[in-house]
Amino acid sequence: MFKAIVFDMDGVLFDTETVSLASWKETAPAFGIDEPSIIRAHTGCIGLNRNDGYAWLRKCFGQSFESERFLDTCKVAFDRRVHEDLPLKKGTREILSYLKEHHIPTAICSSTAVPVILEHLEQTGLTEYFDRIIGGNMVLHSKPQPDIYLKACETLGFEPKDCIGVEDSPNGIHSSAAAGLMTVMVPDLVAPSEELRSLCLRVDESLLSLLDYLRSLE
């Protein structure tokens, strides 16, 4: 039985990975990048914090690539889009309401910086549902390293083995599993491979499916 649940944010609670990809596609032509290349780069960047994102982009496009300027430009496009509409993933409000009603501690464990996480939660009225927030700016290396999930469990006051980690991306799955959490994948832009499935307690098609599982444990 689990004692706490730790959520990734982008692609799990918010339907923001599709917004992010659209922002990258919008930005790519100005940097001379074609669409197939930008899709591959974006997929590999999901779950990385800012520092690791810079390194990944230089690996994709060469050491002279202006990673910081590229991501800054993408952020402007992303912010414009989410300011108009910040969509939730199916089941977000339902599962958070269930956990709050049952007094189950929750945390966000996201490679996104804390100030942005707080903005998103305030915009959607979800702030009250989380006991702890761990962002990518709080660790040197984020996902796929386990550091950020270990920090989340420490701040919640539970051993990783007693926590569920909910993720959508390969980087996130590897991070949660390496930290020792019971890992659940709710796929978004990346389909679960056999290797990812082997690291997971289960794979759910949506948060509503995961909610049904949690109810079955009562």
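Modeller: Happy to! Please keep in mind that this is a predicted model. The largest nonpolar core has 30 residues, and those that touch the most other members are Phe7, Ile95, Val166, Leu207 and Leu214. Two or more residues of this core come from each of these elements: the strands β1 (4-7) and β4 (163-167), and the helices α4 (67-84), α5 (92-101), α6 (114-124) and α10 (207-216). As a general point, nonpolar side chains in soluble globular proteins tend to be buried together.

Leaving aside residues up to four places away in sequence, Leu207 touches Phe7, Val12, Leu13, Lys90, Gly91, Thr92, Ile95, Val166 and Val186. Among these contacts are Phe7, Ile95 and Val166, which were also named for touching the most other core members.

Phe7 and Val166 lead us to the sheet. In β4, Val166 is the bridge partner of Phe7. The strands β1 and β4 run parallel and are joined by 4 bridges. They belong to an open sheet of 6 strands, ordered β3-β2-β1-β4-β5-β6, with parallel pairing. At its edges stand β3 (132-134) and β6 (202-203); each has a single partner strand, so one side of each is left without a neighbour in the sheet. In general, strands of a sheet pair through backbone hydrogen bonds, either parallel or antiparallel.

Now follow the chain on from β1. Thr16 sits in the loop between β1 and α1 (17-27). Is Thr16 buried or exposed? Its relative accessible area is 1%, below the 20% cut-off, so Thr16 counts as buried. Beyond residues up to four places away in sequence, Thr16 touches Asp10, Gly11, Phe78, Val82 and Leu86.

Next comes α1 itself, where Glu17, Val19, Ser20, Leu21, Ser23, Trp24 and Thr27 are buried. These buried residues pack against α2 (35-45), α3 (50-61) and α4. For the pair α1 and α4, the axes are 8 Å apart and the packing angle is about 125°; the two helices are therefore oblique to each other. The crossing in which α1 passes α4 is right-handed. On the α1 side, the residues that meet α4 are Val19, Ser20, Ala22, Ser23, Trp24, Glu26 and Thr27. Their counterparts in α4 include Phe70, Leu71, Phe78 and Val82. Phe78 and Val82 are also touched by Thr16.

Tyr54, found in helix α3, touches Ser67, Glu68 and Leu71, not counting residues up to four places away in sequence. Tyr54 is buried, with a relative accessible area of 15%.

Most residues other than glycine have a negative phi, and most peptide bonds are trans. His103, in the loop between α5 and β2 (106-109), has a positive phi, near 55°. His103 counts as exposed, at 69% relative accessibility. The peptide bond from Lys143 to Pro144 is cis, with omega near 15°. Look for Pro144 in the loop between β3 and α7 (147-156).

Definitions and conventions
Residues numbered from 1 in each chain as written. Predicted model: local features only at pLDDT ≥ 70, side-chain atom pairs only at ≥ 80, totals over all residues. Heavy atoms only, no water. Core = buried A, V, L, I, M, F, W, Y, C linked by side-chain atoms within 4.5 Å. Buried < 20%, exposed > 50% of the residue type's maximum accessible area, 1.4 Å probe, protein only. Contact = heavy atoms within 4.5 Å. Pairing = 2+ DSSP bridges. Axes fitted to C-alpha atoms, helices over the stretch in contact; angles between N-to-C directions. Parallel < 35°, antiparallel > 145°, perpendicular 65-115°, else oblique. Left-handed = near helix turned anticlockwise from the far one by under 90°.
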